Amino acid sequence: MEAISSPMVAAAKLPMLNPGEFELWKIRIEQYFLMIDYALWEVIVNGDLPPPKRTVDGVEQTYPPTTTEEKLERKNELKARGTLLMALPNEHQLKFNTYKCSKTLMEAIEKRFGGNKESKKTQKTLLKQQYENFNGSSSEGLDQTYDRLQKLISQLEILGETISQEDMNLKFLRSLLSEWKTHTLIWRNKTNLDTLSMDDLYNNLKIYETEVKGSSSSNQNSQNMAFVSSNNFGSSN
């Protein structure tokens, strides 16, 4: 596999494992290795090659890598294992450090955090409830609301839940705060919500974010002025 350009490597950020989101992390860690060096992921999936051996006086013995190929294989194994350990929460790194092979390390991580069928069913139910009750917050911008919803949808899809494109778009529009009402009403009446991607919907709404924020600030200032005037009038009386 050809080496990728340094700007792309710099942009790749190691995904840290959240113990409650193993399936999502597994997808992200694979994508990370794809960007950095897919040979490392192949080591994790297939395991390292057996250490080189030679027979001395009729006894088979292992020996350190000597050829360029052997050294590269060993280097990939060490780097893959080290990267997986770095992706774990600090409190778990020492516990998993006992696994000396990246393949067995990954299997141990999956066994510990992957969960069984019953736990996945419970997680799916909780995520569906979160999706149904999803709403934007006044403390976050359009970006944060979009990112939270995208993450929630990704987790549901990993667990096998199918959500239609139209439902995703409507959920996003309905989750936005009241100051977006004019724009969300327009988009909710569009006929292409079943084919329009959420990315495109977000990009279209992003254009108006400054205008919406300005309108919201103006309304807030008007309310504050009215409150101050009311208090001053009361004091005069």
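Predicted model: local features only at pLDDT ≥ 70, side-chain atom pairs only at ≥ 80, totals over all residues.

Biologist: Which residue does the side chain of Lys206 meet in a salt bridge?

Modeller: The general idea is that side chains of opposite charge can pair when their charged atoms come close. Here the partner of Lys206 is Glu209, at 2.5 Å from N to O.

Biologist: Is Glu209 buried or exposed?

Modeller: Buried, because its relative accessibility is 8% and the cut-off for buried is under 20%. Glu209 sits in helix α12, which covers residues 209-236.

Biologist: What does Glu209 touch, apart from its neighbours within four places in sequence?

Modeller: Its contacts are Gly141, Leu142, Asp143 and Trp180. Take Gly141: 68 residues separate it from Glu209 in sequence, yet the two C-alpha atoms are 8.6 Å apart in space.

Biologist: Which residues are linked with Lys206 and Glu209 in a network of salt bridges?

Modeller: Asp143 and Lys213 join those two in the network. By the rule used here, the count comes to eight salt bridges.

Biologist: Can you show me another pair?

Modeller: Glu161 forms a salt bridge with Lys124, and their closest N and O atoms are 3.5 Å apart. This pair links distant parts of the chain, 37 residues apart: Glu161 is in the loop between α8 (142-158) and α9 (165-175), while Lys124 is in helix α7. With 23% relative accessibility, Lys124 counts as partly exposed.

Biologist: And what about Arg148 and Glu140, how do their side chains meet?

Modeller: In a salt bridge, at 2.9 Å from N to O. Glu140 has a relative accessible area of 18%, so it is buried, whereas Arg148 has 36% and is partly exposed.

Biologist: Let's step back to the fold. How many helices and strands are there in the protein chain?

Modeller: There are 12 helices and two strands. Reading from the N terminus, the order is α-α-α-β-β-α-α-α-α-α-α-α-α-α.

Biologist: What share of the residues in the protein chain is buried?

Modeller: Buried residues make up 31% of the 237 residues. Thr83 is one buried case, because its relative accessibility is 7%. Thr83 lies in helix α4, residues 68-86. Setting aside residues up to four places away in sequence, Thr83 touches Leu14, Tyr32 and Phe33.

Biologist: What share of the contacts comes from residues 24 or more positions apart?

Modeller: Counting contacts with a separation of 6 or more, such residues account for 62%.

Technical notes. Residues numbered from 1 in each chain as written. Heavy atoms only, no water. Salt bridge = Lys/Arg side-chain N within 4 Å of Asp/Glu carboxyl O. Helix = DSSP H or I, 4+ residues; strand = E, 2+ residues; numbered from the N terminus. Buried < 20%, exposed > 50% of the residue type's maximum accessible area, 1.4 Å probe, protein only. Contact = heavy atoms within 4.5 Å.
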